[in-house]
Amino acid sequence: EKFNYSNLAYSLLRLALERAAGKPYIQLVQEKILDLLNMCSTFFKVPPADTAKIADGIASVAFNLTNTSIPRRLLAGIGCAVPCGAIFSTPNDLAKLTSSMLGYHPLLSPESLAEMETPRTNEKNKYGFGLGIIRNDSVNMVWHNGSIAGYTAQFAIEKDSKYAVII
């Protein structure tokens, strides 16, 4: 059996969470993560007052042309892509998330975080619950990335040194 990342599987997880909680997924993320970590600059839909603060994304289109209108339209929300990504954030807000994952202002118990960071694949590129995992003699790292047309982000946390990098 081979691991394959699946946006469809995350969409099914969204439905299961909504049914179990009796609330929309976006509301759950807002209440259980964003509000608790004071991530005030992280959005599923960027408020109109904040769109001027967002850098223009550049999407590739045919014949090596670029397009800034496609990414700009995505700021209004992606709908069906939630929870497969489609969250707009800032490096400062992602720093709050990585700090929480390092144990500062934790959202999860140490046991739950360890469960997320346990490899569920036997392949070279290991994957846990929502996190890529790199472990060898010199590094103990978890990471996550995401992108939509015109925008991309990634964080990596070296667990032993307690350093995080956000791009």
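Eight bridges join strand 5 (residues 140-148) to strand 6 (residues 151-158), and the two strands run antiparallel. The model is predicted. Strand 6 also pairs with strand 7 (residues 163-166), again in the antiparallel sense, over four bridges.

**Strands 5 and 6**

- Asn145 has Gln154 of strand 6 as its bridge partner.
- Two residues lie between the strands in the hairpin of strand 5 and strand 6.
- In that hairpin, Gly150 takes a positive phi near 90°.

- Ala156 has Val165 of strand 7 as its bridge partner.
- The bridge partner of Ile157 in strand 7 is Ala164.
- The hairpin of strand 6 and strand 7 has four residues between the strands.
- A positive phi occurs in this hairpin too, at Lys162, with a value near 65°.
- In a regular strand, side chains alternate between the two faces of the sheet.

**Helix 1**

- Helix 1 covers residues 7-21, which makes 15 residues.
- At 1.5 Å a residue, the helix should span 21 Å, and because its end C-alpha atoms are 21 Å apart, the model agrees with that expectation.
- At the start of helix 1, a side-chain oxygen of Ser6 comes to within 3.4 Å of the backbone nitrogen of Leu8.
- Just after the helix, Gly22 takes a positive phi of about 70°.

**Second largest pocket**

- The volume of the second largest pocket is about 170 Å³.
- Its lining consists of Pro119, Lys124, Asn125, Lys126, Ile133, Ile134, Arg135, Asn136 and Trp143.
- Strand 4 (residues 132-135) gives the most to this lining, with three residues.
- By class, the lining residues of the second largest pocket divide into four nonpolar, two polar and three charged.

Notes: Residues are numbered from 1 along each chain as its sequence is written. This is a predicted model: local features need pLDDT of at least 70, side-chain atom pairs count only at pLDDT 80 or more; totals for chains, interfaces and linings use all residues. Side-chain values use heavy atoms; hydrogens and water are left out. The expected span of a helix is 1.5 Å times one less than its number of residues. A polar contact is a pair of N or O atoms within 3.5 Å; within protein, one must be able to donate a hydrogen and the other to accept it, and residues adjacent in sequence count only if both atoms are side-chain atoms. Two strands pair if DSSP finds at least two bridges between them. On a 1 Å grid over the protein atoms alone, a cavity is a set of points where a 1.4 Å probe fits but cannot get out, and a pocket is an open set with protein on both sides within 12 Å along at least five of seven lines; lining residues have an atom within 4 Å of a point. Grid points are joined across faces, edges and corners, and a volume is the space filled by probe spheres set on the points. Ala, Val, Leu, Ile, Met, Phe, Trp, Tyr, Cys and Pro count as nonpolar, Asp, Glu, Lys and Arg as charged, and the others, Gly among them, as polar.
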